[in-house]
Amino acid sequence: MKTSLVITTAIAALLIPGAASAKKHNFVITAVEGSREATGAEEKPEDNNSTNKATFAATLDDDKKTLCVKYELKSGDAAKPFEGTLAHIHKVYKEKGDGTGPAVVDLETAKFTGAKGPKSIDVTDDLETLTGGDDLYFNVHSEAFPDGEVRGTLEVDEAAEEVVCDEEIGRASC
């Protein structure tokens, strides 16, 4: 009986599309006024006057416990690059009431500009928080705005393009 169950499960995995595949979740920035960019206007508890922006996309693989991310900083001033000092995914603590919360995944811990990724991050410790997908936001900090310069609320969009990583897994980057 046990052998039959194992064989049946193996056959089902081969015949049913997706039966043996990992569950993946694609994250994008929630569109605001038609744009899927992180901005200073979205910062909490108050917006700021930054003209800089950032894009973000990620794919969470539940089975591998990895998050494959890519993002890009975009300067609002052609004469000066947008230089981030930190980048994170945060989870809003509703109890605080101000729309802020702690970082749950560190993406950058040193100065950076331009495009980053795709890169794979081990999220074993944060998988449950990310799988819920609620109340998450992408945040880039800078010297001008140490509490956060641009922010974008994240949403799961299964129809969004999957971000694919080929590099080795790391916890922090660059």
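This is a predicted model: local features need pLDDT of at least 70, side-chain atom pairs count only at pLDDT 80 or more; totals for chains, interfaces and linings use all residues.
The protein chain comprises two helices and nine strands. Read from the N terminus, these elements follow the order α-β-β-β-β-β-β-β-α-β-β. Of the 174 residues in the protein chain, 39% are buried. Among contacts with a separation of 6 or more, 68% are made by residues 24 or more positions apart. The accessible surface of the protein chain amounts to about 9,900 Å², and carbon and sulfur atoms contribute 52% of this area.

Strand S3, which spans residues 53-61, is mostly covered, with seven of its nine residues buried. Pairing with strand S1 (residues 24-29) is antiparallel and extends over five bridges; within this pairing, Lys 24 has Asp 61 of S3 as its bridge partner. Strand S2 (residues 38-39) also runs antiparallel to S3, to which it is joined by two bridges. Here Ala 38 is placed opposite Ala 54 of S3. The pairing of S3 with S4 is likewise antiparallel and involves nine bridges. S3 and S4 together form a hairpin, with four residues between the two strands. In the turn of this hairpin, Lys 65 adopts a positive phi of about 55 degrees.

Because Tyr 71 belongs to strand S4 (residues 66-74) and Phe 138 to strand S8 (residues 136-141), the pair ties together parts of the chain that are 67 residues apart in sequence. Both partners are covered: Tyr 71 counts as buried because its relative accessibility is 3%, a value under the 20% limit, and Phe 138 is buried with a relative accessible area of 0%. Through ring pairs, Tyr 71 and Phe 138 are linked with Phe 56 and Phe 112 into a cluster.

A contact of another kind involves Tyr 137 and Arg 151. Arg 151 lies over the face of the Tyr 137 ring, at 3.5 Å from the ring centre.

Terms used. Residues are numbered from 1 along each chain as its sequence is written. Side-chain values use heavy atoms; hydrogens and water are left out. Buried means under 20% relative accessible area, exposed over 50%, partly exposed in between (1.4 Å probe, protein chains only). Contact means heavy atoms within 4.5 Å. Accessible areas come from the Shrake-Rupley method with a 1.4 Å probe; for residues, only the protein chains shown count as cover. Rings of Phe, Tyr and Trp (its six-membered ring) pair if their centres lie within 6.5 Å; planes under 30 degrees apart count as stacked, over 60 as edge-to-face and the rest as tilted. A charge sits over a ring if NZ of Lys or CZ of Arg is within 6 Å of the ring centre and within 35 degrees of the ring normal. Two strands pair if DSSP finds at least two bridges between them.
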